[in-house]
Amino acid sequence: MSVGGYHFVTGSFTSHRSFLPDKDYGVALDNFVKGCSDMLIQNSKGQILTGKRNVHPQPDWWFVGGRMMPGESPGVSCSRLLKRELSLNVAADRFKPLCFNSMVWGMREQEPKANGTCDVSIVLTVQLSEEEASQIVLDPKEYTDSKWVAPEEMLEGSYHPALQCSVRSLLSAAKLSALQHAVGSGAEDGVVAALAKDLVGIAQTEPTLGESSYRVKNEELGYDGSVSVSKW
């Protein structure tokens with residue numbers, strides 16, 4: 001079973017990206033949907049790293065990640081972003097695909113900020129060694145704090161529904177891996193059935209539609225935004 005994660009290059013491609021002045025980039029944001037690669041980073045205990053962002057569009061606890069560059073695979077993008085935001089060198093082939101999210105934001109960092117921005121977020125996961133986790137250095141331009149959170153705590157706490165939805169995908173992927181291992185190793189039917197039941201239970205859990213009880217709040221930026229969830 002595949003959840004995607006393939007990178008298709010058709011023909012010969014060379015990136016011609018260049019730096020856009022803020023005014024031009026702002027106009028561009030008004031006219032296209034950005035592709036982003038976001039990460040659920042786990043330590044050896046299975047906890048997830050979340051960063052407290054200090055910039056729009058999500059000035060609260062959020063993924064580590066950001067905009068993809070033309071020609072990058074999601075894994076290559078994650079590797080670059082992890083170096084920029086956490087000062088870690090992690091090979092692109094260590095990142096595993098999980099899910100995607102469609103994001104519409106009421107605010108953005110570029111002027112005019114209230115024009116907002118729209119993203120398609122490809123979510124990947126990677127597990128760090130204890131040594132790697134101890135070497136994390138946050139980019140102060142992006143984050144004010146970080147913490148390791150158990151997946152169950154993140155699902156029960158006050159976090160953005162997109163983050164929680166991605167965590168459920170992470171738990172589903174882990175349960176699927178355990179199921180595949182059980183089948184491949186000839187485990188008893190009862191063990192396989194129990195794992196399959198657990199997988200279906202996790203996979204069928206969906207976010208609550210409509211307005212979420214979670215709100216994006218940042219006193220320093222004077223921002224308080226609601227979040228609504230719908231099926232695309």
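A residue is taken as buried when its relative accessible area is under 20%, as exposed when it is over 50%, and as partly exposed in between (1.4 Å probe, protein chains only). By this criterion C78, with a relative accessible area of 0%, is buried. The structure is a predicted model, in which local features need pLDDT of at least 70, side-chain atom pairs count only at pLDDT 80 or more, and totals for chains, interfaces and linings use all residues. Residues are numbered from 1 along each chain as its sequence is written, and side-chain values use heavy atoms, with hydrogens and water left out.

The protein contains six helices and nine strands; helices (H or I, at least four residues) and strands (E, at least two) are DSSP runs numbered from the N terminus. Along the principal axes, the C-alpha atoms fill a box of roughly 60 × 45 × 40 Å. Of the 232 residues, 41% count as buried. The protein exposes about 13300 Å², of which carbon and sulfur atoms supply 53% (Shrake-Rupley method, 1.4 Å probe).

A contact is defined by heavy atoms within 4.5 Å. Among contacts with a separation of 6 or more, 66% involve residues 24 or more positions apart. Lys and Arg were counted as positive and Asp and Glu as negative, leaving out His and the chain ends. The mean positions of the 22 positive and 28 negative charges are 3 Å apart.

Helix α1 spans residues 22–29, and its buried residues are Y25, G26, A28 and L29. Seen down the axis of α1, these residues fall within an arc of 160°, so they line one face of the helix; the arc is that of the directions from the helix axis to the C-beta atoms. The cover over the buried residues of α1 includes strands β1 (34–42), β4 (64–67) and β6 (117–127).

Leaving aside residues up to four places away in sequence, C78 touches S37, M39, F95 and L124. The C-alpha atoms of C78 and V192, 114 residues apart along the chain, are separated by 34 Å. R80, at 24% relative accessibility, counts as partly exposed. With residues up to four places away in sequence again not counted, R80 touches R67, M68, M69 and E72. R80 and A194 are 114 residues apart in sequence and 39 Å apart in space, C-alpha to C-alpha.

Backbone geometry was examined in the loops. Most residues other than glycine have a negative phi, and most peptide bonds are trans. The peptide bond from H56 to P57 is cis, with omega near 15°, and P57 is found in the loop between β2 (48–53) and β3 (61–62). The bond from E111 to P112 is also cis, with omega near -10°; P112 lies in the loop between β5 (96–105) and β6. S87, in the loop between α2 and β5, has a phi near 60°, a positive value in a residue other than glycine. At 39% relative accessibility, S87 counts as partly exposed.

Methods. Charge placed at Lys NZ, Arg CZ, Asp CG, Glu CD.
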